[in-house]
Amino acid sequence: MKCVAKRTLPLVMAAGLGLGATASWGAESLQDVMKRRNLSQQDLLAAAKTYVPTGKRDEFVVFSSGGQSGQIIVYSIPSMRILKYIGVFTPEPWQGYGFDENSKAVLKQGAIDGKDITWGDTHHPAISETQGKYDGQFLFINDKANPRIAVIDLRDFETKQIVVNPVFKSEHGGAFVTENTEYIVEAAQYPAPLENRKFFPLEDMNEKYRGGITYWKFDRKEGRIVAKDSFTIEAPPYWQDLSDAGKGPSRDWAFTNSFCAERYVGGIEKGRPPYEAGCSAKDTDYLHVMNWKKAAELVAAGKAKKINGHNVLPLEVSVKEGVLFLVPEPKSPHGVDVSPDGKYIIVGGKLDTHASVYSFDKIMAAIQAGKFESKDPYGIPVIGMKEALHTQVQLGLGPLHNQYDSKKCVVYTSMYVDSQVAKWDYCEGKVLDKISVHYNIGHLMTMEGDSADPKGRYLVALNKLAIDRFVPVGPLHPQNHQLIDITNDKMQLLYDMPLPLGEPHYAVAIDATKLKPGVRYKVGTDSRTDKPHPGAVRAGEEKVVKKGNKIEVFGTLIRSHITPETIEADVGDEVTIHLTNLERAQDETHGFTVSTYNVHASVEPGKTVTVKFKADKEGVYPYYCTEFCSALHLEMMGYLLVKPKGWKPTKTGLAAQGYTEADYKATVKKVAETQAVIDSVVGYITSVNYKDFPDVVAMVEDATDQLGKMKDAKAKHEAAAGKKDWEQANLWAEQVFQYQVKAADLGLRAKTYLEQNGAKKIK
Ligand code: CUK
Ligand code: CUA
């Protein structure tokens, strides 16, 4: 009684507050909601611009670096809904990444000098390009902490390869791709000796420490980097920073800026002023301008030397052959971004209030005329800043990164210190608009805004600090990505999204329709190599092979059982389990784990995955499917029996269930009734043009598959009934029912799909 009274109270109060006699909680008007939630017209407009109704999809897909998580965060725009985390340099349990043998092999490629490294500091993702435009095929990302690059295939959003930079000890200016993804650019950050395991004291900085820019050769057909065809352009011990590759007229060139051209060595503990003082003391640093095409030709002609087995184009060669030039940049610059037409290179000043717009034409003219203002201490020709500049624009404090609009000459620059985004015209050199962000923005991103064909529309501010924007969650705050509408002259802030997984640096956004990921693998595929998995088997071919103290299981997964359901091992055996998911239905992933053995696999339709462990403790260990894949998911399990040394069985046979003829008859009746339902669904499907819907065709094939399995079980229950073995008869009849349930589930899914997608009646 009391409870009821309490529940009606708010309604009474609402009426009393003047919300009107007709107001009820079930039917609030827009005005009511605005009032109750204290929303302005502007808020409503922002909501309307970002809201994606249930069942509808977003326009753009973002790949954001996951910073210290070593992963990639995938979300979509304008709703800012997170879609996936991709395990890259760090184990990711959901995807089995780092918990199954196939993905462990990928992580293992990232070992440096024999040391496994299971974390990374991802900074800059890059989407593969064709003629400077995003093609949606591959994704690359760097690890700043341990100089590495990873390759992700966008057909399945899985990490396929990790390469370790053979000569750097840290890096920053990767990953950036050349116009047709011929190379992936990776520049060093903190100088160090290029040779591995070589010690030189800091006093040898100028002579023995080096920077560099690595060009990783990408084989698009194989979807892999080819280390032996890759090379590094040796660079002075300046701190190389961001990079960008040219496009259009500048396609053969690439640009990497630098700071600490002072080559200062700090040492607070010795009474020296810190790096921050000595590295920003002078007025200018250097933009590295490189002809990578020529460098590649020189490497092919044998002009490189081998360091740690890797091609390094020596400084002298680059100078002599006209591969490397320098242009002064204002004080500790940061981002370097080539314009969509490839004619301009914009550098953010960081400690300078300007953005500097360099003209590629002017740089080329100076090089062709041999017009240099000086040489750096390593003999590299330096082009005068004035000779190379198109214009400089005063933007504000701490300009960092630049992104382009679809509108001609329009660029956006993040300003870290001012916590603002500036919109400006780089052709005319004037500021157009500014908007405040929250707070201390690092990178910013427009849609396909670093490609030859930017799409405009939206901008995301990747802010370093969130401070007071979200419900507090302790001293470590989430990151704040803010969505900004850039369609109109004035920018409009639309949405704040907290990102709870490391500090993203850069992100890239692609038109969602350019991505064409698959929904299933060809049965028996090792997704990490894209090759047939040697442990794959088809239905009915499952087996367990024991050789000495090694057990190899060739198993399968399909709703809702794991074959085999018992694995027997002797203590100390090495157990290898290969599992193939036989499903073809979309989203029917099965997971697999064995209690206490720290293995996990995500087995998507068609995939084959291996887990491996030493059964070093006798006992009973359930294994099970970790994805709620069907109503009988909880039954999708089995036992790993690890038998002690010298164990002998004492019992024969399992306890009986005691089924009778009546039980059997009841099950057979249930089967007949279910078949009638299936027949009616099949009747509907075949009465329409279902063959015009590939998704439905796949579902029908899967359902037919399930029904096909029935035959065997049916023969078994009938044979058992013939022998009056009601126990076996009833259990096999139940199995027929299980196949029916799965077929019916698929059939109903297909029916719903057809009804929702306008299937037409056929005669
Ligand atoms: S860096 Cu982080 S804000 Cu690694 Cu591109 Cu500039
Ligand atoms: Cu398969 Cu749960």
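## Disulfides

A disulfide here is a pair of cysteine sulfur atoms within 2.5 Å. The model is a predicted one, and by that rule it has 2 disulfides.

Take Cys260 and Cys279, with an S to S distance of 2.1 Å. The torsion about their S-S bond is about -60°, so this disulfide is left-handed. Cys260 sits in the loop between strand 13 (253-259) and helix 6 (275-278), and Cys279 in the loop between helix 6 and strand 14 (284-291), so the pair ties together parts 19 residues apart in sequence. Cys260 is buried at 0% relative accessible area, and Cys279 is buried at 7%.

Then there's Cys409 with Cys427, sulfur atoms 1.9 Å apart. The torsion is about -80°, so that disulfide is left-handed. Cys409 counts as buried at 12% relative accessibility, while Cys427 is partly exposed at 25%. In sequence order, the bonded cysteines pair up 1-2, 3-4.

## Domains and cores

The chain splits into domain 1 (61-164 + 397-518), domain 2 (228-394), domain 3 (525-643) and domain 4 (659-756). Domains 2 and 3 have C-alpha centres 52 Å apart.

The largest nonpolar core has 48 residues, with Tyr215, Phe255, Tyr358 and Ile363 making the most contacts inside it. Apart from it lies another core of 27 residues, including Phe613 and Cys629.

Methods: Residues are numbered from 1 along each chain as its sequence is written. Chains are lettered from A and ligands numbered from 1 in the order in which they are written. This is a predicted model: local features need pLDDT of at least 70, side-chain atom pairs count only at pLDDT 80 or more; totals for chains, interfaces and linings use all residues. Side-chain values use heavy atoms; hydrogens and water are left out. Domain bounds come from an automatic or database domain assignment. A nonpolar core is a set of buried Ala, Val, Leu, Ile, Met, Phe, Trp, Tyr and Cys residues joined through side-chain atoms within 4.5 Å. Buried means under 20% relative accessible area, exposed over 50%, partly exposed in between (1.4 Å probe, protein chains only). Helices (H or I, at least four residues) and strands (E, at least two) are DSSP runs, numbered from the N terminus.
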